[in-house]
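Please look at the sequence and the model together before reading on.

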Amino acid sequence: MSRLEVKNLTQTFNQKNTALRVLDGLNFSVDDGQFVALLGPSGCGKSTLFNIVSGLLVPDTGEIYLNDERIYGNTGDFAYMQQKDLLLPWRTVLRNSRRTPEYREVEAQQRLAQLGLSGFENSYPMQLSGGMRQRVALVRTLLFRKEILLLDEPFGALDAMTRTVMQSILLDIWSENRQTVLLITHDVEEALLLADKIYVLTARPATLKAEVPVPLPRPRNITDTSLIRLKKELLTLLQVEMSKVFDAG
Ligand SMILES: Nc1ncnc2c1ncn2[C@@H]1O[C@H](COP(=O)(O)OP(=O)(O)OP(=O)(O)O)[C@@H](O)[C@H]1O
């Protein structure tokens, strides 16, 4: 059974009195417990897609189904980590992390330690680096304990080494809980190391360009010949879409 289905999504924004078509009949599905990565050129509509799936934005047309039931607006089934960390500046790291319906201080402390933030529980967001703030936002998202995680470039602000560590921690957490994960990333290697399946989106307006399964056991090694082959395939697909963005400019 498909856990999540996105059917025929269309979204147009009005920018400077011009209609900007962002999503154009987007369809895909994600199975229960699957880890899916979304790749697409900058500005193609990935965050817009997450805003719609999470119920923050009502699409012009199209439907979202969860376990075969059509959903409207926020269902409480999604934990959404947006690109901006959205930490509250007046709250400490610990209070920002456990801004959840229930009080989960012990779990918050454990997750903060797991993500390398021990000792910063009582710091305020302005006292943290961009990468640390992103990790606090990830802890908060995980503590929501929802069935589906929507992660919009969760490691975008991290240096390469911290990113590698975080990817492996995210995989450990996913293996523990088997939540369904949708991950937006610009990093082809990240998608290949983490995902069961990669969806490649076209340049704006986004439609589905390709579905690339990654049927390899984890942990994966990016120098594995099958991953190198998949990386070439993905980069070729993305280059075609990127050239549309830059040639249009
Ligand atoms: N609320 C809005 N009003 C008007 N235009 C919007 C709005 N939200 C997004 N857009 C436009 O929609 C397009 C897609 O934006 P979106 O943030 O979904 O792209 P993205 O693929 O997530 O980009 P990136 O990879 O750079 O984060 C952009 O051109 C953006 O300017």
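## Basis of the description

The model is predicted; local features are given only where pLDDT is at least 70, side-chain atom pairs count only at pLDDT 80 or more, and totals for chains, interfaces and linings use all residues. Residues are numbered from 1 along each chain as its sequence is written.

## The chain as a whole

The chain contains seven helices and 10 strands; helices (H or I, at least four residues) and strands (E, at least two) are DSSP runs numbered from the N terminus. Its radius of gyration is 18 Å, close to the 18 Å that the globule rule gives for 249 residues, so the chain is as compact as a globular protein of that length. The radius is taken over C-alpha atoms, and the rule is 2.2 Å times the number of residues to the power 0.38. Along the principal axes, the C-alpha trace spans about 45 × 45 × 40 Å.

Of the 249 residues, 36% count as buried. A residue is buried if 20 or more other C-beta atoms lie within 10 Å of its own, exposed if 12 or fewer, and partly exposed in between, with C-beta atoms placed from the backbone. Among contacts with a separation of 6 or more, 71% come from residues 24 or more positions apart; a contact requires C-beta atoms, placed from the backbone, within 7 Å.

Six strands form an open sheet in the order 6-7-8-3-9-10, with mixed pairing. Two strands pair if DSSP finds at least two bridges between them. Strand 6 (78-81) and strand 10 (208-213) stand at the edges with a single partner strand each, so one side of each has no neighbour in the sheet. From one strand to the next, the twist averages 15°.

Strand 3 (residues 35-39) and strand 8 (residues 180-184) run parallel and are joined by four bridges. Within this pair, leucine 38 has isoleucine 184 as its bridge partner. Strand 9 and strand 10 instead pair in the antiparallel sense over five bridges, and they form a hairpin with six residues between them. Lysine 197 stands opposite proline 213 in strand 10.

Valine 181 lies in strand 8 and is buried, with 24 other C-beta atoms within 10 Å. Leaving aside neighbours within four places in sequence, valine 181 is in contact with Phe35, Val36, Leu149, Leu151 and Trp174.

## Helix 1

Helix 1 packs on the sheet, where it touches strand 3, strand 6, strand 7 (148-152), strand 8 and strand 9 (197-201), and its direction makes about 155° with that of strand 7. Axes are lines fitted to C-alpha atoms, for helices over the stretch in contact, and angles run from 0 to 180 degrees between N-to-C directions.

Six of the eight residues of helix 1 are buried, so the helix is largely enclosed by the rest of the structure. These are Lys46, Thr48, Leu49, Phe50, Ile52 and Val53. Valine 53 has 23 C-beta neighbours inside 10 Å; beyond four places in sequence, its contacts are Val6, Ile64, Phe78 and Leu150. Just after helix 1, glycine 55 takes a positive phi of about 90°.

## Local backbone features

Most residues other than glycine have a negative phi, and most peptide bonds are trans. The table lists exceptions in this model.

| Site | Feature | Location |
|---|---|---|
| Arginine 204 to proline 205 | cis, omega near -5° | proline 205: loop between strand 9 and strand 10 |
| Arginine 218 to proline 219 | cis, omega about 0° | proline 219: loop between strand 10 and helix 7 (225-248) |
| Asparagine 67 | positive phi, about 45° | loop between strand 4 (61-66) and strand 5 (69-71) |
| Arginine 178 | positive phi, about 50° | loop between helix 5 (160-177) and strand 8 |

Asparagine 67 is partly exposed, with 13 other C-beta atoms within 10 Å, whereas arginine 178 counts as exposed, with 12 C-beta neighbours inside 10 Å.

Definitions and conventions. Two residues are in contact if their C-beta atoms, placed from the backbone, lie within 7 Å.
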